[in-house]
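Here's a quick tour of a protein model for you. Have a look at the picture first, then work through the points below.

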Amino acid sequence: MLPYLLVSGLTTGSLYALVAMGLVVVYKATTVVNFAHGELFMIGGFLAYTFHVLLKLGYVVSLVLAVAAALVLGLVTERLAYRPLMRAPAISVVLAAVGFSFVLKGAARQIWGGLGDYMPFPPVVATPAITLGGLILVPQQLVVLAGALICMGLFTAFFTSTRTGKMMQATAENAKAARLVGIRVDRVYAFTWGVGAATAAAAAVLMAPLTFVYPDVGSPLLVKAFAAAVLGGFGSLPGAVLGGFSIGLIENLAGGYINTSFTDISAFLVIMLVLIVRPTGFFGPRAVRRI
Amino acid sequence: MRALAGRRNVLALAGLVLLVLPALANPYILYVANMALIYVILAVGLNVLLGYAGQFAFANAALFGIGAYATGLLQVRLGLSFWIAFPAAVVVTTLIGLVVALPALRLSGLYLALVTLAFAQLTQWLMLNWERVTFGAGGFKVPPLTFGPLPAALGLYYLSLVLAGLLVGGAWNTVRSGIGRALVAVRDSEVAAEALAIDLARYKAIAFSISALYAGVAGGLYSAILSFVAPEGFDLFQMVVQFSMVVVGGLGSVWGSVLGAGLLVTLQEALRAFKGGQEIAFGLVLMVCIVFLPDGIISLVKRRARGWEEPLRAPDRRA
Amino acid sequence: MRTAQIVLMIVITLLIASAAPPAAAQGTPGVTADEIKIGALGALTGPGYLYGRLIMNGAEVVYNEVNKTGGVNGRKITLVREDDRCDAASAIAAAKKLIFQHQVFMLHGGGCSNASIAARPEIEKANIPWVVFASVADDVTLPTAPYIFSTALAASIESAAQLEFALQQGAKKVAVISMRDAWGRSRYNPLMETFKRKGVTPVADEEMSPDANDATPQVLRLRQANPDAVLIVLYPKAAAVYMRDAAKLGFKPMQIGQTALGDLLVFRDQVAIPNALDKFYTISHVRYTPEDPEMERWRGLLEKYFPTDRMSVYNIMGIASASVVVEVLKRAGRDLTRDRLRDELNKLKDFNTNIYPGVITCTLTDHQCHKTPAFMLLTGDKVKTVGVTTVTR
C-alpha cells in the first residue's frame, strides 16, 4: 500500500507544486496573491483542449499555443486587476482578481459548458502502464513529475542566469531601487503576471489527462496551491515546491491509513499545526518588524 | 442638494421605506429585503474586523454558518424554542470567534489568512461529515417560526429590521468610541499602538468577538428565513461575497457596509436577468466598482452630501 | 446632477425594475389566451448547472417543437428560467420570483436536491403545480404534496435497485464508494437502509471528494476487503477517476453505477483505459444514449437551438420530462387551471414517452411517477439494456 500512496501523493503533489510556483512568482515581484490563478489554470486547460481535441492540432503545438494565450491573459489580468490598484489596500487587489476569476469561469461555462460536465484529455503518451517491481505506474504520472521538476529547474535557471530573471529578483527586493537603476518596473510586473499565468497553463496541460478539464477546477486547486505556498513560506519557490509535495503526500497517506473522508482536511490540519509552531512556514523569512 | 442628501434625511427616508415595505411589496421583494438586512448585519460586523482592525481573516463565513447551525441544531436536537436557541447560538458563535482570534495574535497577513482559511475548511468539513450532530451534506429542516398572530414572513422581517437597527447603531457607537480608535491604531501600526499602551491582544480579541457576534446573529436569522440549514451557504464563495460587500461599500465605514450589503444583495437579484451570464456580470461589476471606486461607494456619498463624515479614515493606501 | 444622486437613482431604478409587477393576470396566473408560462427552476451557474441549464435546454427543445405546430390547445409555451445556484437561499428567491413576480402557471424544474428541498415549502404554500425533472432526494417529493410530482428517479429507488441488482447477480460481498456531498448523501442513506433491510453489511465503505483527481487510497482499501461487487455513488468525474485507478491497480470486481453515469459511451472515453468498463453496469433514467439512432432527430434539434451544446444524457432527461408535461397540458384542455393540471397528473397512467425505460404513472397517493430504472452494460461498442425493474418506494 505504501509505495502506491507515495507515488500518487507525489503526483498530486507535483500538481500543487506547479500551481503554487505560479502564485509565488507573482507574489515575489508584486507582493500580491493572484486569486485568479486557478481560473488561468482552467482556461489554459480548455484552450489546450480546444486546440488539441477539437481542432486536432498536435500536442506540442497545443501546449505552446495554450501557454502563449495564457501569458497574454496574464498580461491582461495585470492591466485590469493590478495596475489600477497598486496603491489600494491589498484586499482590493484580491477582490478585483476574484471578480476577474468569475468572469473567466462564467465565460468558460458559457463557451464550453454545453459540451458536457467535464472534458477528458488524452494523455501525452498512450503506452500502457509500466510495472516496476510490483509497483504499477501510469506513464502520465511520470510525465507530470518530470514536468514539475523541469519547470523548477527552468525557473531557477531563469532567475539566476538570465537578465530578465535578475531584473525580476531586483524588483521583488526593492522596487524603488530597481527603478533608480533603470529597470522598467511596470514592464517587469506585467511580465511577471504573464509568466505566472503561463505556468498555470503549463500545469493544466500537463495535468489535464489526470484532472480533466471543467469550469470549476480552478477554485479548489487555488486553495490547495495557496496552502502549499504559505506552508513553504510564501515568497520562496523551493518552499512552494516542498509545500506542494507535502500536501499531496499528507492527503494520500491520511486517506489511505486513517480514513478516506480525511483526505481533504488532513492537509489543512497539518498546516494549522505547522503555522502555530513556525508562523512563517518552512522557508519563510523570520518575522521582521518594520518600524 | 448637499443638505437634502444629508445623513439624517437619507436614514429617515430609508427607515420609513423599510418600515412600510411589507404593505407595498410582493413576497419576493420582502424576502430580498429581509436577506439584505441579514447581510447588513454580517457586513457591518466584518468591517469592524477587516476595515477598522485591519485583520485579513477568512473565518466570517464559517462563523455565519456556525450561528445558523447552532440556532437550528439547538431547536432540532434539543427541542429548544427559537427564542432560547437564538441567543444561545449567538453566544456560542462569539466564543468560537474568540478561539479563532488566538492564532491571530501570532500571525498576520497571509499567514493569518491561511489559518482562518483552514478554520473555514475545517468547519465545512465538520458540517459535511459530523453527521451525528450536523446531519451532514443534506442539511436539515428547521421548524418554521411563529410570531403569534403575525404571518411568519412579516414577523421575521420586523425582527431582522429591529436587530439590524440595533447592531448598526451599536457598531456606529463603538467605532466612534475609544475602542474604535484603538482598533484603527492596531490596523495602521502595531508598533506605534503598543507604544501608546494599547494592548494588541485585547483589541484584536474584541474585533474578532464583535464580528463573530454579528455573524452569529445574522446566522440565526438566516436559518429562520430559510427554515433550512445546509453547508452550501457558508463556503468560500460566501466569504468572497461578504468581502465584496465591505470593500465595495467602503472599507472602514459603517454606512459603507450598510450600503454595500444592500447593493450587493439587490444586485445579485437584479442580475438574474442575465440568466447563465450572471457570473460574468457579477465579476464585471465587482471589478468595475473596485477599480473605479477604490474607497468604496460611500466615498461618492461622502464627497457630495453633508453629514456622512466618519471620524476615522479608511485604511491608508500602500506606498 | 450630483453623483450621489445619480448613484441613488440607479439603485432605486434597479430596485423598481426587479420589483415591477407584470400585467395583472386575470383568472389563472401564467395563462393567457395564447400563452402558457412555465417556470424553470434549477442551476444556471456553478457546478450544478448540469442538472439545471442542460436539462432545461432539453425541455426547451420539446417546447419549441410543440410551439411550431401551434402550441398546446392553441397556446404557446414560454419557458422562464431562474437560477437557484444550487443553494437554499437562491432557490427560495428564485421560486418566489417565479411565483410572485413572473406569475408562472406551473414549475418544471428542480436540480440540486438541497435547493429543491429548501424551496419546497414555499412552492407547496402557493399551490402551484411542480413537475420535478432531476432532483432525486426523497425529501423533495415526500411527504406527498397535492401539486408536486416527479419524473426523476428517486434516490431511494436507484439505491435499492443498485443493491438488488448486485445480489441478483450473485454477489456475496458488497462494498460501497460514495461522495458525501448533498447529492451523494441523498443516495447513500437510502442505500444503507436497503442494506439493513436485506440483512447485508457492506464489506467496505469508502468516500471520495467530488474534485479528487486520485482515488488510489480508496481503491487500495476496497481491494483489501475483496468484494464481489462495488456500488458506485459518484458523479461522472469522480467515477472516471475511480474506474481509471481501479483498472490501473488491477481491481476488477463487478462495478454498479447509477443514473449520474448513464452515458456509457462517453464514460468509456473519459476513463480511456481499454476494457476498464467490462464489468461496469449502470442505471439510466432514460432508455437511450445520445449516440443511439433513435435520438438522432432530437440531437439535430438540440444543436439547432443550442449550438454550443453537445447532446448529453442531461439533455435527454429534459426532453423526456418535458414530453410528460406537454402530454398533461394537452389533456387538461383549453380550459386550463392549476387544479385541472393536477387532476390530469393524478390520472396519468402507463404513459409511454418512448424515452424513459418504463411508463409514467402517477396516482393520488404516489407522486413518484417514474419507477423503472434500466440497467445497461457496454458490450463492444453497443450499450445493451440488461434489465428493467420496477421498484416501489
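Before we read any pattern, a word on terms: helices (at least four residues) and strands (at least two) are runs assigned by DSSP, and they're numbered from the N terminus. With that in hand, chain A reads α-α-α-α-β-β-α-α-α-α-α-α-α along its sequence. Keep in mind that this is a predicted model.

**Chain A: make-up and overall form**
- Chain A is built with eleven helices and two strands.
- Its C-alpha trace spans about 60 × 50 × 35 Å along the principal axes.
- A compact globule of 291 residues would have a radius of gyration near 19 Å, and chain A has 19 Å, so the two agree.
- Of the 291 residues in chain A, 60% count as buried.
- Take the contacts in chain A with a separation of 6 or more: 74% of them are between residues 24 or more positions apart.

**Chain C: the sheet**
- Over in chain C, seven strands make an open sheet, and their order is 7-6-8-9-10-11-12.
- The pairing in this sheet is mixed. As background, strands of a sheet pair through backbone hydrogen bonds, either parallel or antiparallel.
- At the edges sit strand 7 (204–208) and strand 12 (382–388) of chain C, each of which pairs on one side only.
- Going from one strand to the next, the twist averages 25°.
- Strand 9 (residues 254–256) and strand 10 (residues 280–284) of chain C run parallel, and two bridges join them.

**Where chain C meets chain B**
- This contact takes 39 residues from chain C and 36 residues from chain B.
- Several elements of chain C each supply at least two residues of the side that touches chain B: helix 1 (3–19), strand 2 (76–83), helix 3 (88–102), helix 4 (113–125) and helix 7 (182–198).
- Which helix gives the largest share of that side of chain C? That's helix 1 of chain C, with ten residues.
- By type, the residues on the side of chain C that touches chain B divide into 20 nonpolar, eight polar and eleven charged.

Key. Residues are numbered from 1 along each chain as its sequence is written. Chains are lettered from A and ligands numbered from 1 in the order in which they are written. This is a predicted model: local features need pLDDT of at least 70, side-chain atom pairs count only at pLDDT 80 or more; totals for chains, interfaces and linings use all residues. Two strands pair if DSSP finds at least two bridges between them. Axes are lines fitted to C-alpha atoms, for helices over the stretch in contact, and angles run from 0 to 180 degrees between N-to-C directions. Two residues are in contact if their C-beta atoms, placed from the backbone, lie within 7 Å. Ala, Val, Leu, Ile, Met, Phe, Trp, Tyr, Cys and Pro count as nonpolar, Asp, Glu, Lys and Arg as charged, and the others, Gly among them, as polar. The radius of gyration is taken over C-alpha atoms; the globule rule is 2.2 Å times the number of residues to the power 0.38. A residue is buried if 20 or more other C-beta atoms lie within 10 Å of its own, exposed if 12 or fewer, and partly exposed in between; C-beta atoms are placed from the backbone.
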